[in-house]
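Have the structure open while you go through them.

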Amino acid sequence: MTAIDKSAIRNAATVIVVRNRRSNPSVLMGQRGARAAFMPNKFVFPGGAVDADDAKVPLARPLPQLCSARLNESAPPGMARALAAAAVRELWEETGQILGTPAPWPGAVPDDWLSFAGTGHRPVADALQFVFRAITPPGRPRRFDARFFLLDADALASDPDDFSAATDELSHLQWIPLDRVRMFDLPFITEVVLAEITARIQDDAPPTSVPFFRNNDEESLFLRLRGTPMKD
């Protein structure tokens with residue numbers, strides 16, 4: 001088994017599931033453990049690193065074309081599909097929520113997907129909207145190039161209040177009203193993403209340009225994925 005270089009920047013997907021977005025919107029979050037190497041004790045959205053097999057997963061329905069185009073900017077070819085699959089898998093693993101459609105899998109199921117496939121569903125990505133990208137600043141114990149996806153809870157194939165299939169990666173899973181979420185212990189980047197989500201909560205269409213918080217050893221920049229700097 002190949003060891004993971006924990007200092008390397010890993011591609012990752014995060015899912016912001018929104019419920020009742022037209023009336024009293026709330027978001028699905030959980031708390032990381034006190035001993036976690038990355039963001040201990042913080043309340044976060046479900047998400048995690050892309051696995052090698054995610055790019056091979058047969059999505060029953062693909063990402064919206066616009067989202068794929070933005071995901072593939074400043075990224076290796078084919079990254080959009082892997083990120084979409086990772087988003088579905090991490091959502092399932094950390095919350096027990098299913099973003100899929102009842103269907104058999106063609107061919108062998110990757111090991112990391114066996115439990116999801118066991119629900120009788122194949123993953124779908126057409127309800128995911130790519131809304132934010134951020135690279136963890138240097139000096140942290142883990143670094144990720146994270147893409148944030150907005151998802152309406154109505155697209156779930158599971159009961160949004162049933163977390164019984166979740167692993168123990170996140171505790172205190174709950175729907176937090178958007179107007180109360182800043183009362184919780186949140187990472188800085190989560191605060192930034194929440195501001196972006198709040199501003200577009202009533203918009204059903206994916207954004208034509210996506211904020212990109214790019215951190216490297218030389219500088220930190222707020223850009224937009226269409227090649228343009230963000231305006232003040």
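Predicted model: local features only at pLDDT ≥ 70, side-chain atom pairs only at ≥ 80, totals over all residues.

**Notes on strand β8 and its surroundings**

1. Let's begin with how the strands pair up. β1 and β8 run parallel to each other, joined over ten bridges.

2. With β7 it pairs in the antiparallel sense, over six bridges. Here you can look for Ala134, which stands opposite Ala146 in β8.

3. How many of the ten residues of β8 are buried? Nine of them are, so the strand is largely enclosed by the rest of the structure.

4. Now pick out Arg147, which sits in β8, the strand of residues 143-152. Is Arg147 buried or exposed? Arg147 has a relative accessible area of 1%, and the cut-off for buried is under 20%, so this arginine counts as buried. Its side chain reaches the backbone oxygen of Asp145 at 2.9 Å. Leaving aside residues up to four places away in sequence, Arg147 touches a list of residues including Asn11, Thr14, Leu71, Met79, Phe130 and Arg133.

5. Next, the nonpolar packing. The largest nonpolar core has 41 residues, and Val17, Leu63, Leu128, Phe149 and Leu151 have the most contacts inside it. Among the elements that each supply at least two residues of this core are β1, β7 and β8, along with α1, α2 and α3. α2 gives the most, with eleven residues. Apart from this core lies another one, of 27 residues, among them Val18, Phe144, Phe148 and Val181.

6. Leu151 is worth a click of its own. Not counting residues up to four places away in sequence, it touches Val15, Ile16, Val17 and Val18, as well as Leu91, Leu99, Ala127, Leu128 and Leu156.

7. At 44% relative accessibility, Asp159 counts as partly exposed. A polar atom of its side chain lies 2.9 Å from the backbone nitrogen of Asp161. The C-alpha atoms of Asp159 and Pro64 are separated by 24 Å, and these two residues are 95 residues apart along the chain.

8. Last stop: helix α4, residues 188-199. This helix has twelve residues and reaches 17 Å from its first C-alpha to its last, close to the 16 Å expected at 1.5 Å a residue. Which residues of α4 are buried? They are Ile189, Thr190, Val192, Val193, Leu194 and Ile197.

Terms used: Residues numbered from 1 in each chain as written. Heavy atoms only, no water. Helix = DSSP H or I, 4+ residues; strand = E, 2+ residues; numbered from the N terminus. Buried < 20%, exposed > 50% of the residue type's maximum accessible area, 1.4 Å probe, protein only. Polar contact = N/O pair within 3.5 Å; in protein donor to acceptor, adjacent residues only side chain to side chain. Contact = heavy atoms within 4.5 Å. Core = buried A, V, L, I, M, F, W, Y, C linked by side-chain atoms within 4.5 Å. Expected span 1.5 Å × (residues − 1). Pairing = 2+ DSSP bridges.
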